[in-house]
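I opened my notebook to look through one structure, element by element. Here is what I looked up.

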Amino acid sequence: MNFIIFDLEWNNAYNYKLKRAMNEIIEIGAVKLDENLEVIDTFKQLIKPQMSKKLGSRFKNLTHITADEINKSGIPFEKAFDDFAKWCGRGDKLFLSWSTSDLYTLVANFKCFENTVYVDFMTKYADAQKYCMSFIENADSANQISLSHCAEIFDINTDSANFHRALEDCMITAFCFKKVYDKEKLKAYIHTCDISFFERLVFKPYFIKEKEYKDFKLDDVEIVCPICKGKIEPIKKYEFTNNTFRGAGLCQKCNRKFWTYVRAKQTYDDIVVSSRAVPINKKRAKHIN
C-alpha cells in the first residue's frame, strides 16, 4: 500500500452564489510514500482562484504566495485535481492530512467547482494529526497540536522548513508519521471513503422548527417529571424560539406545573430529540391553565 500525504493552502473568499464565505484552494502539495514509508514522488501545483482574485493578508503572510506567482504557474481547479488524481495512480493507497480541515476544504471545493462532494480518487483516509497525537503522552484531543509542535516533540529538525507551503508541510507530516508508524494501530484511524463519508462531511445539522417533520412529531414527545417521574401533559401550546419549542405542562402524578422545553436536531443519520422540564413557582403557576 502507498501513502499519499496531502496539504492544501487556501484563501478566504466570498461565494456570491451561496452568499457566504468559503475557503478557496490556491495550492495543493503531496508526498507519495511506498510501503516502507520511503518518499517515491512529490506533487505541487498552484491553482488560479475563481471566487476572489484578491489574496487575503493572512494568506499572504502565512504562505508568501503572490498574485504574480499564481498568474504565472496557476492552473484551473479542475485541471489541477485531474492531474493530481493521475499522479496518485491506481492501486491500494491511503490518503492522510494534518487534521481534517484540509479534507473539509477539499470536499467543499469539489462541491463548488465540480458539482459533487464525491472525491472519487480518494478511497481511504486517515487524520495524521489525530494518529500522531495518540503517541504523545497527556495529549488533549480537544486541543489539537500544530504540525510544528508535533515535529518538535518527535525531535524532528524543521529549521529549514517553510511551514504553510503545501509541499513542505507534507514532508514534515511524513516525517512525523514515519516516526510513530504502527501498522496495526493505524487501522483504527482509517476511514473508507464511500459517498456517505463525503456527504457526512458537508452535511450541516440543523434544528427542526416544524411541529411535524419527517419522523418527528412534537405531540409524541414524552416529558418526564424530574421530581416524581410521572408523565407531564401539555397545558399550554408550544412556541418556537431560540431553536427550542417552549411550553408548559402538568404532571399527572404529583400535580405540579412545569415549563417544558423540546429540541429536535436533524443530523446526517437521524433526528436527535432532547427535552427537559423546569418547575414553575407557585405564584406564576396559578395563572397558567
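**Entry 1**

I began with Lys214, which is exposed, with a relative accessible area of 65%. The cut-off for exposed is over 50%, so Lys214 counts as exposed. I noted that the model is a predicted one. Next I asked where Lys214 sits. I found Lys214 in the loop between β8 (212-213) and β9 (216-217). I then checked its backbone: phi of Lys214 is near 50°, which is positive, and the residue is not a glycine.

His64 has a positive phi of about 65° and is not a glycine either. Its place is the loop between α1 (57-63) and α2 (67-73). Is His64 buried or exposed? His64 has a relative accessible area of 54%, so it is exposed.

**Entry 2: the sheet**

I turned to the strands. Strands of a sheet pair through backbone hydrogen bonds, either parallel or antiparallel. I found an open sheet of six strands with mixed pairing. I wrote down the order as β3-β2-β1-β4-β5-β6. Which strands are at the edges? They are β3 (39-46) and β6 (191-192), and each of them pairs on one side only.

I checked which helices lie against this sheet. Helix α3 (residues 77-88) packs on the sheet and touches β1, β2, β3 and β4. The direction of α3 makes about 25° with that of β2. Helix α7 (residues 166-179) packs on the sheet too, touching β1, β2, β3 and β4. For α7, the angle with the direction of β2 is about 55°.

**Entry 3: strand β1**

I followed β1 (residues 2-15) next. Of its 14 residues, 10 are buried, so β1 is largely enclosed by the rest of the structure.

How many bridges join β1 to β2? I found 13 bridges between β1 and β2 (residues 20-33), and the pairing is antiparallel. I picked out one of the partners: Tyr14 is bridged to Ala21 in β2. The hairpin of β1 and β2 has four residues between the strands. In that hairpin, Lys19 takes a positive phi near 60°.

I then looked at the pairing of β1 with β4 (residues 93-97). These strands run parallel and are joined by four bridges. Asn2 has Lys93 in β4 as its bridge partner. Phe3 has Leu94 in β4 as its partner.

**Entry 4: helices α4 and α9**

Two packed helices are described by the angle between their axes and the distance between the axes. I looked up both values for α4 (residues 101-113) and α9 (residues 195-202). Their axes come within 9 Å and cross at roughly 95°. The range 65 to 115 degrees counts as roughly perpendicular. Therefore α4 and α9 are roughly perpendicular to each other.

Which residues meet there? From α4 I listed Leu103, Tyr104 and Val107. From α9 I listed Phe197, Phe198, Leu201 and Val202. By class, this contact has seven nonpolar residues, no polar ones and no charged ones.

**Entry 5: aromatic rings**

I searched the whole structure for aromatic pairs and found 25. I looked at Tyr118 and Phe198. Their ring centres are 5.7 Å apart and their planes are at 70°, so this pair is edge-to-face. The pair links distant parts of the chain, 80 residues apart. Tyr118 is in the loop between α4 and β5 (124-127), and Phe198 is in helix α9. Tyr118 is partly exposed at 34% relative accessible area. Phe198 is at 0% relative accessibility, so Phe198 counts as buried.

I also looked at Phe203 and Tyr206. Their ring centres are 6.3 Å apart and their planes are at 45°, so this pair is tilted. Phe203 is partly exposed at 27%, and Tyr206 is partly exposed at 33%.

**Entry 6: Phe135**

Phe135 is partly exposed, with a relative accessible area of 31%. What does Phe135 contact, leaving aside its neighbours within four places in sequence? I found Val180, Asp182 and Lys185. I compared its position with that of Val119. Phe135 and Val119 are 16 residues apart in sequence, and C-alpha to C-alpha they are 30 Å apart in space.

Technical notes. Residues are numbered from 1 along each chain as its sequence is written. This is a predicted model: local features need pLDDT of at least 70, side-chain atom pairs count only at pLDDT 80 or more; totals for chains, interfaces and linings use all residues. Side-chain values use heavy atoms; hydrogens and water are left out. Axes are lines fitted to C-alpha atoms, for helices over the stretch in contact, and angles run from 0 to 180 degrees between N-to-C directions. Helices (H or I, at least four residues) and strands (E, at least two) are DSSP runs, numbered from the N terminus. Angles under 35 degrees count as roughly parallel, over 145 as roughly antiparallel, 65 to 115 as roughly perpendicular and the rest as oblique. Contact means heavy atoms within 4.5 Å. Ala, Val, Leu, Ile, Met, Phe, Trp, Tyr, Cys and Pro count as nonpolar, Asp, Glu, Lys and Arg as charged, and the others, Gly among them, as polar. Buried means under 20% relative accessible area, exposed over 50%, partly exposed in between (1.4 Å probe, protein chains only). Two strands pair if DSSP finds at least two bridges between them. Rings of Phe, Tyr and Trp (its six-membered ring) pair if their centres lie within 6.5 Å; planes under 30 degrees apart count as stacked, over 60 as edge-to-face and the rest as tilted.
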